[in-house]
Amino acid sequence: MRNLIRLMRLYAPYRRWMAGGIALGLITVLANFGLLALSGWFLTTAGIVGLAGFAAQNAFNFFTPAAGVRFFATVRVVARYTGRLVDHETTFRLLASLRTDLYARLEPLAPLGLAGDRGGDLLGRLVADVDRLGDVFLRVISPFAVAASGALVMALVLSAFAPLAGLVLLAGLVLAGVGLPLASMRLGRRPGSDAVTLQTAMRADLIDGVQGMSELLTYNAAPAMQARFDRASTALTARQGRLAAIAGFGVAGNLLIANLTMAAILVIGGALVSHHRLPGSDLALLTLGAMATFEAVAPLATAFRLLGGIQDSARRVFEIIDRPVPIHDPVASPTRPDHLGLRFAGVRLRYPVPEKTTDQNCQLWALDGLDLVIEPGEHVTILGRSGAGKTSLVNLLLRFADYQEGSATLGGVELRAIRGDDLRSLITLVTQRTRMFAGSVRDNLLKADPDADDTALWHALAIARLDDFVRAHPDGLDALVGEGGVKISGGEARRLSIARAVLRDTPFLILDEPTEGLDPLTEAALRAAIIPLCVGRTTITITHRLEGIAPTDRVVVLDRGRVVEDGPFSVLEGAGGTVTRLRHLQDQCVQI
Ligand SMILES: Nc1ncnc2c1ncn2[C@@H]1O[C@H](COP(=O)(O)OP(=O)(O)OP(=O)(O)O)[C@@H](O)[C@H]1O
């Protein structure tokens, strides 16, 4: 219920649209009531007058009721059409703002705040759950408001003719509009919630499966995956079948109650007519009017049934909105310092501990007393074994993770006083996992500089030594790379990421294992492509290997989150520490 109230607050800016939609809905059902009641009365009266002889026929005014019927019919159509337009406009406006708000909430959470989520689940929240929340006005609020007000007005009108008929109608409406939907909601709650859970899990599995299709085929795991889908699909179909049966039960029940109510009103009206307390012509007005009234409560069964799923979706969407952001940005960054030197003193960084975790390692410091100074324009190679804290240092620099202790400054300004976007605008990152977006070579390059013209793109490709490859393709810059770069090789994707980096002229360049996993020839070509990229920029290269490090290069070795060696490569090579051990190991590997 709390989530529903919160959801209603999101609709607050659209209350005028909502009021308009409800008013038009009410006009529609009242016009329908007027149309059927007046038609019933008109036909019956015309019949009675027809039997009463020539004088009565001449005295009867056919034109006013006929005009009334046409009036109600026209109003009904126009009100229904404009009502639908207004209802959908309200929904689309809410959906548009909800989607953009939710996406704006997601961005500051990435990457650490979303590390535990499955891509398919997030997609489900952004698309299916948000869509379901858009249904609230269209399928729940508006039908409720129209049914409640319309039913009351119509029952009162009927009471004016026959109070008992009005009471019976009200009882029938409450039964069909509240009792029956409540029963279907109760019955549908479990299968509805199960269906949402199953759909979410299936979507997440499907995305995982499609993305990892090659691995599944390689390990012959595709049949097991297929069987898993089959099981989930069967379970989902069973739940959906149950929901459809409940919906059918709701429709049939509604019709039954409507017909029983009409029969009861016919009996009451008939008794009144036989006692001359009601003109015979009003009998059709009462029964047909009652029939029209049930149209107002018919959508309530769907409204109640959707309520459970909407509550689940609201919970899942609000869970993202309420998720604490891992990094708190200041309102504004100080002016950019002239001297872009980096200083880390006693920096300690720990990742947020997941709730209810039993993993004690989560409490360990990823950076544990890091002391390091990097002057502007310096080229530094960071070495260290797996888990030493190299990526954590990069996360700190990009403000993807925050430090809890010590001081980390850029030009004397604490990193946490600088907005993440401002800091990242100074840094270009090239990693072994640089993401290629589905689209063309041009689309991928323009991500780095949306204003770059073709000359700049070809220049960047030339520096990355990819220009010949792109030129040889019939589509040139418009050649498609496929999602995740599936249509190009790993080496070409890395070179494309380097071309992207060339287009981004920033004072800092971070290279996180950009040549990892490539064959020696491609690696050599990539190294050559990287050299011009480093000129005039502070360059931090993260690597496990010693290839490509010049004797004069500065090497910093990290271990358990702190600096254990720092100096020129030629000196550290013979100092008997990690660099020396790595050199021996690599020499042995070469001999083997
Ligand atoms: N998102 C995270 N949440 C929790 N702990 C993390 C997270 N990322 C890294 N860690 C932990 O922080 C420590 C340092 O990890 P980090 O990724 O910085 O090491 P690394 O030197 O880059 O390792 P590798 O060379 O394998 O990439 C490790 O103990 C790791 O398990």
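Trainee: In H6, at which residue does the kink of about 45 degrees lie?
Mentor: The model is a predicted one. In H6 the kink comes shortly before proline 191. The residue at the kink is glycine 188.

Trainee: How far does H6 reach from its first C-alpha to its last?
Mentor: H6 covers residues 163–211, which is 49 residues. At 1.5 Å a residue, 72 Å would be expected. The span in the model is close to that, at 67 Å.

Trainee: Are H6 and H8 roughly parallel or antiparallel to each other?
Mentor: Helix H8 takes in residues 222–274, and its axis lies 9 Å from that of H6. The two pack at an angle of about 170 degrees. Angles over 145 degrees count as roughly antiparallel. H6 and H8 are therefore roughly antiparallel.

Trainee: How many residues in the contact of H6 with H8 are nonpolar?
Mentor: The contact also has 12 polar and five charged residues. The nonpolar residues number 27.

Trainee: How do H1 and H10 stand to each other, roughly parallel or perpendicular?
Mentor: H1 (residues 2–11) and H10 (residues 300–322) have axes 9 Å apart and pack at an angle of about 70 degrees. The range from 65 to 115 degrees counts as roughly perpendicular. H1 and H10 are therefore roughly perpendicular.

Trainee: Which residues of H10 make the contact with H1?
Mentor: On the H1 side the contact is made by Asn3, Leu4, Arg6 and Leu7. By class, the residues of this contact are four nonpolar, two polar and two charged. On the H10 side they are Gln311, Ala314, Arg315 and Phe318.

Trainee: Which strands stand at the edges of the open sheet of four strands?
Mentor: The order in this sheet is E2-E1-E4-E5, with antiparallel pairing. An edge strand has a single partner, so one of its sides is left without a neighbour in the sheet. The edge strands are E2 (367–374) and E5 (413–414).

Trainee: Which residue in E4 stands opposite leucine 342?
Mentor: E1 (residues 342–349) and E4 (residues 405–410) run antiparallel and are joined by five bridges. Opposite leucine 342 stands leucine 410.

Trainee: In the open sheet of six strands, which strands stand at the edges?
Mentor: The strand order is E6-E7-E8-E3-E9-E10, and the pairing is mixed. From one strand to the next the twist averages 20 degrees.

Trainee: What is the bridge partner of threonine 431 in E7?
Mentor: E6 pairs with E7 (residues 508–512) in the parallel sense, over five bridges. The partner of threonine 431 is aspartate 512.

Trainee: Which strands of the six-stranded sheet does H11 touch?
Mentor: H11 packs on this sheet, and its direction makes about 150 degrees with that of E7. The strands touched are E3, E6, E7, E8 (538–543) and E9.

Trainee: Which residue in E9 stands opposite leucine 383?
Mentor: E3 (residues 379–383) and E9 (residues 554–559) pair in the parallel sense over four bridges. The residue opposite leucine 383 is valine 557.

Trainee: Which residue in the turn between E9 and E10 has a positive phi?
Mentor: E9 and E10 (residues 562–568) run antiparallel, joined by six bridges. They form a hairpin with two residues between them. The residue with a positive phi, of about 45 degrees, is arginine 560.

Definitions and conventions:
Residues numbered from 1 in each chain as written. Predicted model: local features only at pLDDT ≥ 70, side-chain atom pairs only at ≥ 80, totals over all residues. Expected span 1.5 Å × (residues − 1). Bend = angle between axes of the 7 residues up to and from the residue. Axes fitted to C-alpha atoms, helices over the stretch in contact; angles between N-to-C directions. Parallel < 35°, antiparallel > 145°, perpendicular 65-115°, else oblique. Contact = placed C-beta atoms within 7 Å. Nonpolar A, V, L, I, M, F, W, Y, C, P; charged D, E, K, R; others polar. Pairing = 2+ DSSP bridges.
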